[in-house]
Structure formats: C-alpha cells, structure tokens
Amino acid sequence: MPILHRCQDPPFCLQIELTEGCNLRCSFCGINGVRNEQRRYKFMSVTTAKHVTHLLRDSRWLPRIEFAMHGEPSLHSSMLEILRLFRRQLPGRIHLMMTSNGIGFLRDLGLIDQALQYLNVLGLEEYAGIPTVPRILDLYCGEFKPIFYPDCKQANPHRRRKQGEHELVIIRDISRATSGTHATLNNHCGCGAPPNDNAVGRRCAKPFRELSIRWNGNVAICCNDWRGYYKVGNVLGQTLKEIWQGPALRAARRKLYYGLRDFGPCQGCDALSYRPGLLPDKKGQANLPKPTEEDLGVIEEALSGSPYTAPVWRPWELSSAGTQ
C-alpha cells in the first residue's frame, strides 16, 4: 500500500523571469492576457537575482534552471551579469538554460558566445513569419555550431548537459511542431486561448515539479498562471523551502493529484503533464490525501486579492458575464 507523502520532493525545474513583457505578440501566447500592444517591460533587479542564488544555494537543491517565463530575457540590460551570478554562485553541475526569441542577440551577436560562457543551453525559438532567428543564423559566425530541435532529438534544450557542455539550440516553430517537448501548445490558463474542459479529471504535475519566480520575487502556482491569480509567496520574504512546502502549494497539489481542476487558474486550463502517474514523489510510490476543508480555505485565501499582473481581457473574456 502506498505510503502517505508528507514532504514534497525538490522541484526538477526552477524558472527565473528576467523580463516580464515581450517584443512579440504571438497569437497563441499568454502575453496577450497581460500586455496590450504597448511595449512595457518589468525587469528583475540584479539584487533580487543575487538573493535567489543565495536561497538556492542554501536549499541545496539541484534543479534545472530556465531563464524564460512571461517575457523576453535577452531584453534585460543586465542579462550577462545575472547569468554570471548564477553560474558562479551555484554548483557547476546545475544546468542553466535560456529560452529566447533572439531579439536581444540579433542586436548584438557577440552576446551569444558571452551568454554561453555561463549557460549550458541557449535555445532560440523560430517563429513562422518572424525573421529574427533566420537572420541570426545568417550572420552568426561565433564559436558554437547551431543544432536544431526536434530534428536532432539529443538537442532537447531541457535535457541536462554535463558540466562544461554548452550548446546553441534552434527550436523549431512551436506552433508548427509535431514532435518534441515544444510540440504541444496549451491555453495558458485562458490567457492564450479560451478555457476548455479537455484536461478535466487529469492530474497536473506543474506544482509538483516546477517553481517559477517572477521578476519581483513573486511566486504563483505555475508558469501558466500568467496573471498570477493563485499567489503562493515571495522569495524576498521567504525561503524557497518555505514556499515549496507551504500550505498554498500543498493544498493545490492535493487538488491536482486527484485531477480536480476546479479552482482559480486551473479551471479551464488544458495543460497536460509528462508522466503524471509518477506523483507525488519521483517514483509514484506514495499518495496524497484528498483535499480537506482546511485546504479549500487555503486555496480561497491564495486566490483572494488582485492578481500579480493586471489582466488585459481577451475576446472570450469580454463576452463573459462579470468581466465587462
């Protein structure tokens, strides 16, 4: 009989949002639910980034760290300084990757080799009709030979590289991909596309495997909660372990372990997880109790108040009662 799981294993992935805001407005992206056509950006400070490295070092976790989330990281003026901080403050065996549309690197191609001093993987995403990455490929003549994913399966940007291994990966257009880890689009909790019932009753592994830190230290339930409706903490006032093992994520896990996507941003979210049977621990040998009335109260509290980022209402929301 499976044992009762009381303490959640450390996350596989830690996402770091260097920039909130993007130069693009891809039709499938949740950026449209938090930004209009104005090019407005918010940037993680070097001080906050340094604080995160200290917290991570103290936690003794060894996650994959991905610089991405809700904006274009290469637009951050202190990008290299922050990458250097993470590489020098943390154990060398921690995998560092960045996912970018390439705009900042096109403006200065020298940044590619400089960033790859610290990153294990720099993943540049191709988008149909947008010439940024093709232009980079035409002009770049630096140290690293680009490899293409999913053309080359081993190029998977999320695969952990060995210490000292550095790769420039070109990620094929996510809206056209038919294989690989980037081949499945989801509705970003209703910010990228209308909510639906496609994932009702199915587990979600996000809050079991991933912790996402926003530009100002705020942490929501997952990266798909673009607006930050489900608020779980802030790293400037709490440790990573306090947030990860805290009541807000614990209550959400008990819901999602049983496929109960009936609260907050999870309601209508169609994101599907890889191998959700291996929850809540890494081997699927434990279980979680069903959510209690106390858990429901915690969830209600986490959803109270304003979201972290002000909404820009999508057409399907404007036509719904209560969002006019």
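Colleague: What share of the 324 residues of the chain counts as buried?

Modeller: The model is a predicted one, in which local features need pLDDT of at least 70 and side-chain atom pairs count only at pLDDT 80 or more, while totals for chains, interfaces and linings use all residues. Residues are numbered from 1 along each chain as its sequence is written, and side-chain values use heavy atoms, with hydrogens and water left out. Buried means under 20% relative accessible area, exposed over 50%, and partly exposed in between, with a 1.4 Å probe and protein chains only. By that rule, the buried share of the 324 residues is 54%.

Colleague: Which radius of gyration does the chain have, and how does it compare with that of a compact globule?

Modeller: The radius is taken over C-alpha atoms, and the globule rule is 2.2 Å times the number of residues to the power 0.38. For 324 residues this rule gives a value near 20 Å, and the chain agrees with it. The C-alpha trace spans about 60 × 45 × 40 Å along its principal axes. The radius of gyration of the chain is 19 Å.

Colleague: Among contacts between residues at least 6 apart in sequence, what percentage joins residues at least 24 apart?

Modeller: A contact requires heavy atoms within 4.5 Å. The percentage that joins residues at least 24 apart is 74%.

Colleague: Which parts of the chain does the pair of Trp 61 and Trp 244 tie together?

Modeller: Rings of Phe, Tyr and Trp (its six-membered ring) pair if their centres lie within 6.5 Å, with planes under 30 degrees apart counted as stacked, over 60 as edge-to-face and the rest as tilted; the count comes to six aromatic pairs. The centres of Trp 61 and Trp 244 are 6.3 Å apart and the planes are at 70 degrees, so this pair is edge-to-face. The pair ties together parts that are 183 residues apart in sequence: the loop between helix H1 (46–59) and strand S5 (64–67), which holds Trp 61, and, for Trp 244, helix H7 (residues 240–244).

Colleague: Which elements do the buried residues of H2 pack against?

Modeller: Helix H2 covers residues 79–89, and its buried residues are Met 79, Leu 80, Ile 82, Leu 83, Leu 85, Phe 86 and Arg 87. These residues pack against strand S2 (13–16), H1, S5, strand S6 (96–100), helix H3 (103–107) and helix H4 (110–115).

Colleague: Leaving aside neighbours within four places in sequence, which residues is Leu 90 in contact with?

Modeller: Leu 90 is found in the loop between H2 and S6. At 7% relative accessibility, this residue counts as buried. Beyond its sequence neighbours within four places, its contacts are Thr 53, Leu 56, Arg 57 and Ile 65.

How values were computed
Helices (H or I, at least four residues) and strands (E, at least two) are DSSP runs, numbered from the N terminus.
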